[in-house]
Structure formats: structure tokens, C-alpha cells
Amino acid sequence: MAELQEVQITEEKPLLPGQTPETAKEAELAARILLDQGQTHSVETPYGSVTFTVYGTPKPKRPAILTYHDVGLNYKSCFQPLFQFGDMQEIIQNFVRVHVDAPGMEEGAPVFPLGYQYPSLDQLADMIPCILQYLNFSTIIGVGVGAGAYILSRYALNHPDTVEGLVLINIDPNAKGWMDWAAHKLTGLTSSIPEMILGHLFSQEELSGNSELIQKYRNIITHAPNLDNIELYWNSYNNRRDLNLERGGDITLKCPVMLVVGDQAPHEDAVVECNSKLDPTQTSFLKMADSGGQPQLTQPGKLTEAFKYFLQGMGYMASSCMTRLSRSRTASLTSAASIDGNRSRSRTLSQSSESGALSSGPPGHTMEVSC
């Protein structure tokens, strides 16, 4: 009997009538993005199991984008509007994404038994190396919101060689003081856990307006089947340690950092203070107008554009086209440099839509951008 030989057959996909190779490629890409729902994994760590979802395939010599969500949310409710935004597709085609769910926050998570000791935020940060080892990833660009921003910052302080950049939204690097504790306890006497978490996520103006977005997230948190787990995560956040960041000191974030906060957001003062403690040559401060407490939900377009600039500054996506901010009528750019942590001088540059992309500003200055 003659030997069977393997024959590799390449299937040619015919174009539809009137379809050009360019449109066929776009349609195929759109179909792939639509079908790519992500693969969920769980890995055991010294502090319990952690679940994460991976989208895309690793790119050679490129870090993974790793996200960490805030209290009361999971990766979908925190980041889905941002990563499903149209202009974001250019970014996610170039990077593999890892969306981490804090323990007990993933969809369908069982409620932890009574007396369960939930990990501290420091311990949650110590889970990340187990995720990267499982995936065989060497470096990341972290994107975190609130508690997730704190966790990624703690991880970056402990493992600086594995973090190429950080996007920190609504970060509060400080431990709660006595006055904060007293206010927290007093609020707890008159407010439910869901209402306290909503006050952490959104501004008072947003909550008073009771928009469709607020109603949606109030319903998500109030009726969450894992509300007991959410309360444990909330307690860990309120018991966080001070990051002890110090400009020019030994304890500082050594990678490029983009700090993001909405105007009138609950954490605006904390983010401004964090900005004063970081290296101004490595830090960009983005204060977003009309974005409330959750810029990634309310202004995904502006945040996507800023993220592209951030990646370009790191040497990635050099040929990326900037569209949304460039189309806006004006974009104001404020550059501030400080010696003692306060703003000693500032200047505002205004660029019209005809001038194209925003300039990166003078080297060595912290950039504050209002969109």
C-alpha cells in the first residue's frame, strides 16, 4: 500500500461581489473581534484563586495590557464600554489584554463563607505575578480604576521591572486618616453598602441627577448576588496602607504614568496629590471635563485618544492616527512644573482642529490635559 502523504491545502476566500481586498480585510477583522469573546482562566495563588480573561494573542516584544477594576464592579462593568469603543480597536489589535477580576467579583462567583478572610489590597497585588507566570508574560501596561489603580501601583512598586506603564484612574494612594474613618463610620450608620459604594464611584452631582447610567449601576450593585463579596472587597479598600510615594525618593513609580480623573469626581483631590508625589518627567495628568466619577464609562472616546498618546510616548503605535481630539474644536493643554509639589507656574496652549495632534510639551514637565 502506497504511503499516504500529508498535503497542505490553503483555502482561498473569494471576495463578495463589489468587495475590494481592503474592505474584505476590514470585514474579516470586524468578524474576528465580534467572535473573540475571550478565554477565562483561574489560577491558584498563596492568597486564594483569582480569575482573569484573556483577549487576543501575545505580540512579540510587546507587553500585555492588564486591567484591574474598582469596588462594586467586575472587569466587564468597569471596562467594557472603553474596550468596545470603536477607536479602541486599533489599540487592542496591537496588544493582548488580560482583564483581572478580584476574587469573588467574577460573574457567577459563589458567596464566600461566613468568616472568610478576604485578601488585603497588598495581597491582591501579590497575586499578579502568579497570573503572569501562568500566561508566560514578562511585562505589562496596567490600567486600573480606584481600588484597581491602587493594586497595580502596589504591584509596580514591588515589581518595577515588569511594568512598562500605568494608566491610573481615580487613584487614592493614601491610607484613611482618623477623620476619614469617622466620616466613613458615620456614613455607614445612615447609608447602605450599595449607596456607600455608589458614592465612591460617582460624583454627588451624578447621583443627584440619577441618569440612566446611575440607575444602571445602582441596580447592578444593589441586586448583585455576590454583594457580601463586594462588601469584603470594599472593606479591604478602606483598610489599605499608604503607598508612601515620594517625589525624588526611593519609593516611587519608575515607569511612565498617566493619572486620570474627572472634574468634580470624588477622588479629584487625591489624584492631584498623587500627581505631586510622582516624577514629573514620567507623569501625565489628565483631568477630563464632563466625565464625572468614571471617565472610562462616560468619556471612552477621549480616554482612548489619551491612551493612544500615552502608548506613542512609550514607543508603541507610532503610526497611529489621532482622530477624536484632533476633530474637536479646541484642545487645551496646560503644562505645570513643580519643585515642592505645588504648581509654581503654568501656561495654557490652545490648538485648533486644523493644527492636528497635540504636542507632547516641554520635556521634564508634568502634563495636565483638560479634554
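**Exercise 1. Which residues of helix 2 (residues 75–83) are buried, and what caps the N-terminal end of helix 2?**

Step 1. Tyr75, Ser77, Cys78, Phe79, Leu82 and Phe83 of helix 2 are buried. Buried means under 20% relative accessible area, exposed over 50%, and partly exposed in between, with a 1.4 Å probe and protein chains only. Helices (H or I, at least four residues) and strands (E, at least two) are DSSP runs numbered from the N terminus.

Step 2. The model is predicted: local features need pLDDT of at least 70, side-chain atom pairs count only at pLDDT 80 or more, and totals for chains, interfaces and linings use all residues. Residues are numbered from 1 along each chain as its sequence is written, and side-chain values use heavy atoms, with hydrogens and water left out.

Step 3. Asparagine 74 caps the N-terminal end of helix 2. It sits in the loop between strand 3 (64–68) and helix 2. A side-chain oxygen of asparagine 74 lies 3.0 Å from the backbone nitrogen of lysine 76. The backbone nitrogen of serine 77 lies 2.9 Å from a polar atom of the asparagine 74 side chain. For polar contacts the limit is a pair of N or O atoms within 3.5 Å; within protein, one must be able to donate a hydrogen and the other to accept it, and residues adjacent in sequence count only if both atoms are side-chain atoms.

Step 4. Asparagine 74 has 13% relative accessibility, so it counts as buried. Not counting residues up to four places away in sequence, asparagine 74 touches His69, Asp101, Met105 and Glu107. Contact means heavy atoms within 4.5 Å.

**Exercise 2. How do the axes of helix 4 (residues 121–135) and helix 5 (residues 147–158) cross, and what makes the contact?**

Step 1. The two axes come within 8 Å and cross at roughly 65°. Therefore helix 4 is roughly perpendicular to helix 5. Axes are lines fitted to C-alpha atoms, for helices over the stretch in contact, and angles run from 0 to 180 degrees between N-to-C directions. Angles under 35 degrees count as roughly parallel, over 145 as roughly antiparallel, 65 to 115 as roughly perpendicular and the rest as oblique.

Step 2. The crossing of helix 4 with helix 5 is right-handed. A crossing is left-handed if the near helix is turned anticlockwise from the far one by less than a right angle, and right-handed if clockwise.

Step 3. Helix 4 contributes Leu121, Asp122, Leu124, Ala125, Asp126, Ile128, Pro129 and Leu132. Helix 5 contributes Tyr150, Ile151, Leu152, Arg154, Tyr155 and Asn158.

Step 4. These residues divide into ten nonpolar, one polar and three charged. Ala, Val, Leu, Ile, Met, Phe, Trp, Tyr, Cys and Pro count as nonpolar, Asp, Glu, Lys and Arg as charged, and the others, Gly among them, as polar.

**Exercise 3. Which handedness does helix 7 (residues 193–201) show in its crossing with helix 9 (residues 212–222), and which with helix 10 (residues 227–238)?**

Step 1. Take helix 9. Its axis and that of helix 7 come within 10 Å and cross at roughly 135°. That makes helix 7 oblique to helix 9. The crossing is right-handed.

Step 2. Pro194, Glu195, Ile197, Leu198 and Leu201 of helix 7 meet Tyr217, Arg218, Ile221 and Thr222 of helix 9. The residues of this contact divide into six nonpolar, one polar and two charged.

Step 3. Take helix 10. The axes of helix 7 and helix 10 come within 11 Å and cross at roughly 50°. Helix 7 is oblique to helix 10. Here the crossing is left-handed.

Step 4. Helix 7 brings Ile193, Pro194, Met196, Ile197 and His200, and helix 10 brings Leu227, Ile230, Glu231, Trp234 and Tyr237. The count is eight nonpolar, one polar and one charged.

**Exercise 4. Where are lysine 61 and asparagine 170, and is each buried or exposed?**

Step 1. Most residues other than glycine have a negative phi. Lysine 61 has a positive phi of about 60°. Phi of asparagine 170 is near 60°.

Step 2. Lysine 61 is in the loop between strand 2 (48–55) and strand 3. With a relative accessible area of 83%, lysine 61 is exposed.

Step 3. Asparagine 170 is in the loop between strand 6 (163–169) and helix 6 (178–190). Its relative accessible area is 0%, so asparagine 170 is buried.
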